[in-house]
Amino acid sequence: QNVPTSCHIQYIIEHFNISPTLKAKIVLIQRQWRAWICRQQLKRLEETEEVALGMRWPHMDTFPNAKEEADYKKREAMYQDREQELKISKAIEHERFMAAHGHNMAWELKYNITQWLLELRDLQGSFPDYPDEDEGGCEKLFAMKTTEQVEDEINEFLYPTSAPQQKAEKRDNAKKAVAVVAAGWKPAPTATVPKLIDALEEYNSYWYLKDEMDNIDQKFDRQLMLEQVRDEAGKQIRLQVDDLMRYELDKLRCGIEFIEMDDRRRNTKNAKADEKDKENVTKDPLASKTVEELYGELVLQGIVTPVKNVRLDDILGEHNFKDRVQEDSMPTIADIKNSLTHMVVFPLSSSFLHTVLPLTNRMLFAGSSGVGKSMMIHALCRETGANLFDLSPDVLAGKYEGPEQQEYLMNALLKVGKSMEPTIFMIDECESLFTRPPPGPPSGQDRPQRWVGVFSKMMDKMKKGDRMFLVGETTEPFACNNRAMFDMFKNVIYFPPPEYGSRVLVWKTLLARKPAHKPSLSLSPSVLAKFSEGYSVQAIEKAVNETLTSTRLASRRLVTNMEFLMALTLDLDSQPMLAEDVARWAAWYWSAPLMRKRRQLLDEEARARQLQEAM
């Protein structure tokens with residue numbers, strides 16, 4: 001079957017005519033034939049050795065018998081089936097991963113890139129150039145770098161070099177490289193050794209200790225397949241986020257150019273007015289005191305309050321999808337956290353966003369006791385890194401009496417809050433500021449109403465860029481002048497009692513925090529959530545702590561639903577909110593100015609739909 005090629009035959013013919021004798025011709029033919037046979041044998045030995053080492057597949061043009069041919073075809077069919085099974089599994093897992101984690105991954109990546117753009121703009125004064133697809137896109141931003149690379153980038157940013165200096169540095173580096181090469185010969189780096197090292201590390205880290213007893217058929221490894229799916233989905237999400245961020249970056253640049261142009265035009269118009277106002281500017285009444293001295297005074301007066309270690313994720317709540325179709329549905333804790341993230345956290349975290357977005361520096365938190373108003377304020381301070389100043393009537397009672405002292409406190413708060421921004425001012429039980437004082441001459445008791453004008457004047461002095469925020473808390477807004485309250489706090493956030501979904505989440509989370517507690521069939525979070533309707537999260541947490549004590553957890557008896565319900569009902573300090581109270585709160589919430597406007601818009605939309613259906 002194996003015959004010499006045409007080149008060998010041509011060589012024999014050419015030298016055959018040159019050979020003088022018959023013996024020389026025979027020797028020539030034998031030498032060429034034996035050399036060709038040796039080359040073929042050496043080639044077969046090389047193929048056999050490579051097949052034995054697993055470096056290549058066996059080459060089979062023919063089979064010695066029908067059984068081996070049938071086995072080979074069976075293995076090929078099995079290989080094709082497993083390859084198809086792997087492709088189908090990867091496609092299914094890719095769809096599941098994108099549906100479960102795609103949105104969150106894209107939002108987190110977009111949030112991190114936005115933070116990077118804003119921080120660089122605060123440092124440089126302008127937005128940086130977004131990396132192109134050829135450069136890797138956002139992968140270039142999150143690439144792992146050594147300490148030397150980071151130091152070089154910082155030095156290049158802080159101490160930029162001119163073009164001649166860069167050319168001189170390149171020339172010096174080239175000379176050093178030539179000197180290193182001349183010092184001694186070094187072989188070029190091989191391309192196969194790094195691959196072998198990576199394969200060896202992968203084997204030692206994953207395959208060496210892996211138990212394959214359950215995978216006798218040697219199908220694909222599910223864990224490796226999921227990692228490949230995660231990598232492919234991450235690349236797809238990065239490409240989509242890169243396109244979106246390039247588009248948004250162009251829009252931000254255009255918007256900022258328009259705002260800067262408008263500011264320059266406004267500054268040129270008011271230049272003469274500013275020169276006239278310079279003559280009437282009053283001196284700083286607190287110029288003789290430093291910020292440290294004023295801050296220490298506020299600490300001694302009890303106005304500076306330490307922030308609790310609470311995050312927004314620690315405040316439990318779910319979205320109410322059941323009542324979402326209703327236009328007059330009440331907000332949930334999840335909705336409140338989402339709104340406060342956009343209205344408070346983002347502007348206070350970035351001076352640029354605070355300058356560009358509409359100014360919102362006052363907000364009222366309303367709701368019954370224990371629903372999470374104070375915890376939300378501490379969470380906002382923790383998320384933004386803000387300082388917390390407590391301006392509640394109980395804290396200011398008997399302090400800073402008289403107009404001069406009140407003006408002094410206002411200037412001190414503005415000076416300290418501006419120098420240590422972001423800053424959040426909290427007024428607990430702010431309904432006492434808007435209650436009518438009793439008739440007759442003023443008694444010796446402190447009147448909280450004297451602070452309304454001071455706080456309003458203080459917040460009116462703030463402008464865009466001053467990252468200071470005023471939050472009021474109220475549990476009894478029905479006994480005060482709501483018109484004055486709404487004039488001071490135009491934005492109202494109502495904290496209702498937790499609905500069924502939030503209560504289920506609260507019960508599950510609080511029970512899971514007890515390490516010695518074992519779940520049982522006699523304990524159902526859904527049943528507890530049903531019977532704890534109207535109770536606040538604080539009341540539920542108190543019932544769990546009073547029930548699951550160390551003594552109760554040490555006993556072998558299973559915990560039942562009745563124990564928690566008894567703890568809730570026997571606690572006289574925690575009473576559920578009745579349906580009449582819920583309706584009363586809802587009526588008050590919809591009486592706010594912004595909610596009245598929303599109700600008017602909803603009514604107009606409803607009339608428009610009715611007219612459209614009638615036509």
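Buried means under 20% relative accessible area, exposed means over 50%, and partly exposed lies in between. The exercises below use a predicted model.

**Exercise 1.** Describe the salt bridge between Glu139 and Arg238, including where each residue lies.

Solution. 
- Step 1. The side chains of Glu139 and Arg238 meet at 3.4 Å, N to O.
- Step 2. Glu139 is in the loop between helix 3 and helix 4 (147-158), while Arg238 is in helix 7, so the pair ties together parts 99 residues apart in sequence.
- Step 3. With a relative accessible area of 40%, Glu139 is partly exposed.
- Step 4. Arg238 has a relative accessible area of 30% and is therefore partly exposed.

**Exercise 2.** Classify the accessibility of both partners in the salt bridge between Asp221 and Lys210.

Solution. 
- Step 1. The closest N and O atoms of Asp221 and Lys210 are 3.2 Å apart.
- Step 2. Both Asp221 and Lys210 lie in the loop between helix 6 and helix 7, eleven residues apart.
- Step 3. Asp221 has a relative accessible area of 15%, so Asp221 is buried.
- Step 4. Lys210 has 27%, so Lys210 is partly exposed.
- Step 5. Elsewhere, salt bridges with shared partners join Glu93, Arg96 and Arg222 into one network.

**Exercise 3.** Work out which strands pair with strand 3 (residues 387-390), and in which direction each pair runs.

Solution. 
- Step 1. Strand 1 (residues 304-305) is joined to strand 3 by two bridges, and these strands run antiparallel.
- Step 2. Strand 3 is joined to strand 4 (residues 423-427) by four bridges, and these strands run parallel.
- Step 3. Phe389 of strand 3 is the bridge partner of Val304.
- Step 4. Phe389 also stands opposite Phe425 in strand 4.

**Exercise 4.** Describe the largest pocket: its volume, the residues closest to its centre, and the helices that line it.

Solution. 
- Step 1. The volume of the largest pocket is about 1300 Å³.
- Step 2. It is lined by 32 residues, of which Trp107, Tyr111, Thr341, His342 and Phe346 are the closest to the centre.
- Step 3. At least two lining residues come from each of helix 3 (66-124), helix 7 (222-269), helix 10 (333-349) and helix 11 (351-356).
- Step 4. Helix 3 gives the most to this lining, with ten residues.

**Exercise 5.** List the members of the nonpolar surface patch that includes Tyr203, and classify Tyr203 by accessibility.

Solution. 
- Step 1. The patch is formed by Leu200, Tyr203, Trp207, Tyr208 and Leu209, and together they have about 590 Å² of accessible area.
- Step 2. Tyr203 lies in helix 6 (residues 193-207).
- Step 3. Its relative accessibility is 42%, so Tyr203 counts as partly exposed.

How values were computed
Residues numbered from 1 in each chain as written. Predicted model: local features only at pLDDT ≥ 70, side-chain atom pairs only at ≥ 80, totals over all residues. Heavy atoms only, no water. Pairing = 2+ DSSP bridges. Patch = residues over 30% accessible without salt bridge, like charges linked within 9 Å, V, L, I, M, F, W, Y side chains within 5 Å. Areas by Shrake-Rupley, 256 points an atom, 1.4 Å probe, with all protein chains shown as cover. Salt bridge = Lys/Arg side-chain N within 4 Å of Asp/Glu carboxyl O. Buried < 20%, exposed > 50% of the residue type's maximum accessible area, 1.4 Å probe, protein only. 1 Å grid on protein atoms, 1.4 Å probe; cavity = no way out; pocket = protein on both sides within 12 Å on 5 of 7 lines; lining within 4 Å. Points joined across faces, edges and corners; volume = space filled by probe spheres on them.
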